[in-house]
Number of protein chains: 2
Amino acid sequence: MSPVGRPRIFDMEAVLEAAMLLFWEQGYEATSLAQLREATGLSSASLYGAFGSKEGLFEKAVEHYIAGPGSVTDVVADEAESPREAIARLLHGSINMQTDTSHPRGCLVALSGTTRAPGAGQAGARKVVAARRAADRARIRACIVRGIASGELAEDTDVDGVTSMIHGFLLGISTQVCDGTSARHLHAAADAVLANWDAQGR
Amino acid sequence: MSPVGRPRIFDMEAVLEAAMLLFWEQGYEATSLAQLREATGLSSASLYGAFGSKEGLFEKAVEHYIAGPGSVTDVVADEAESPREAIARLLHGSINMQTDTSHPRGCLVALSGTTRAPGAGQAGARKVVAARRAADRARIRACIVRGIASGELAEDTDVDGVTSMIHGFLLGISTQVCDGTSARHLHAAADAVLANWDAQGR
DNA sequence: TCAATATCGGATCAGTCAATCCATAACTAG
DNA sequence: CTAGTTATGGATTGACTGATCCGATATTGA
């Protein structure tokens, strides 16, 4: 169990937190190693020794995000909640998290990796966030399937259509938050989306 | 009227089209001057003589986008259409444009400038697209106000809430298209959003 | 024909990029 | 103790970044 060699002296959690905040604020591309070094207090050698590359550090930072602030979307997979309640918590919880001023605005996963530059490292960074978006989408879809099974939604509900509506609105929250749309208006919008859910149910 | 000095020999439209496609595909940051030179066939001197900076070129390329593919959102300001029809055309038209395989996926305006790096040029580039997003949002809002005035929507409709719902979904289309969501599912989602519009009306 | 003006291609600039190297330090296993 | 392994700080790498400079060229107005 005890590792061979000189042990790490830096706090992995603190480093990932600092890197996450930087990537969140500026995006993968715009964040330089020099900034990451300053924010984490580590040297290039330590950074590359621990993460292998800028892309590797981004991956770990995204995992840290998903386990932290990004975990607000996990409620949608909670089968103890009714499907409607799960979607409601997903939307309102995401709005609350993204408008929280104690960290950068919007969602790291929603805003990263939406361009397709030919660069080497960028492809990997894009894959990490795209995978999380796909996972969120799949969980929303499963929630809607549950809603049909439980009778909350009509039998003939277009599953992928409603999924795209919910997921599309969820993704759009990030850009709106970036542009300064208030939490109040977004919560009202989420309620409007949920009213739609109710309308589908009869 | 006739300008003094050696006249330009390059085709401004063709250059803006090439630059637009590159920025659209890769984003502002990830697109290098070397790529822009190759795509446009111009030298650095010509590029800087005509546009002043990479940021200036981006601004003109965005204007070219807005006048071209991006003009699909203009229908929402067409007062000859009923508000509901205007929103319907806005959403379905945007989906058709963004999933058109003859150009990069998604919307240049929706996907650019959502991060806040401290770089000099980036701030200006961000402003251009943010201004367009704000304009789109204002036009959607005006359309909803019209809908209330015409009786399509209830008197007590939450204007900013419905605006955020429509605009949020519109912005979310781009990320979904980037991730490969099919046009069929997105059109179904747009119909679901519009069903919500109808529900608000009674 | 002769300034004045502006664009052209191509070379070039200082600065920054992500990544690597090296000598040293700190640990474990035998 | 020694040998092997890994982390650390700091200097350094070649490649690329956006931007500028230069001499040559093409046009207008006098």
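Analyst: We will go through the DNA surface, the chain interface and the domains in turn. Keep in mind that this is a predicted model.

User: Let us start with DNA strand D. Which residues come nearest to DNA strand D?

Analyst: Begin with the list of neighbours. Here 25 residues lie around DNA strand D. The nearest are A:Gly5, A:Arg6, B:Leu33, B:Tyr48 and B:Lys54.

User: Which side chains have an N or O atom placed by a phosphate oxygen of DNA strand D?

Analyst: Look at individual atom pairs. In B:Tyr48, a side-chain N or O atom is 2.3 Å from a phosphate oxygen of DNA strand D. For B:Lys54, the distance from such a side-chain atom to a phosphate oxygen is 3.0 Å. A:Ser43 has a side-chain N or O atom 3.2 Å from a base nitrogen of DNA strand D.

User: Which helices supply at least two residues of the surface near DNA strand D?

Analyst: Chain A supplies α3 (44–51). Chain B supplies α2 (33–40) and α3 (44–51). For the make-up of this surface, count by class. There are eleven nonpolar, nine polar and five charged residues near DNA strand D.

User: Next, the two chains. How many residues of chain A are in contact with chain B?

Analyst: Count both sides of an interface. Chain A has 42 residues in contact, and chain B has 42 as well. Then take the area. About 3300 Å² is buried between chain A and chain B. Carbon and sulfur atoms give 56% of that area.

User: How many salt bridges does the rule find across the interface of chain A and chain B?

Analyst: Two. A salt bridge joins B:Arg133 to A:Asp179 through their side chains, with 2.6 Å from N to O. Polar contacts are a separate count. Between chain A and chain B, 14 residue pairs are in polar contact, with both residues at pLDDT 80 or more.

User: Which elements of chain A give two or more residues to the side that touches chain B?

Analyst: They are α1 (12–26), α6 (108–111), α7 (120–149), α8 (159–178) and α9 (183–200). The largest share comes from α8(A), with twelve residues. By class, this side of chain A holds 15 nonpolar, 17 polar and ten charged residues.

User: How many residues of domain 1 of chain A are in contact with domain 2 of chain A?

Analyst: Read this like the chain interface. From domain 1 of chain A, 13 residues are in contact with 21 residues of domain 2. The two domains bury about 1400 Å² between them, with 72% of it on carbon and sulfur atoms. The salt bridge count between them is zero. Seven residue pairs are in polar contact, both residues at pLDDT 80 or more.

User: Which elements give two or more residues to the side of domain 1 of chain A that touches domain 2?

Analyst: Those elements are α1 and α4 (54–67) of chain A. The largest share, six residues, is from α4(A). This side of domain 1 has eight nonpolar residues, one polar and four charged.

Methods: Residues numbered from 1 in each chain as written. Chains lettered and ligands numbered in written order. Predicted model: local features only at pLDDT ≥ 70, side-chain atom pairs only at ≥ 80, totals over all residues. Heavy atoms only, no water. Near = heavy atom within 4 Å. Polar contact = N/O pair within 3.5 Å; in protein donor to acceptor, adjacent residues only side chain to side chain. Helix = DSSP H or I, 4+ residues; strand = E, 2+ residues; numbered from the N terminus. Nonpolar A, V, L, I, M, F, W, Y, C, P; charged D, E, K, R; others polar. Contact = heavy atoms within 4.5 Å. Buried area = accessible area lost by both parts, 1.4 Å probe. Salt bridge = Lys/Arg side-chain N within 4 Å of Asp/Glu carboxyl O.
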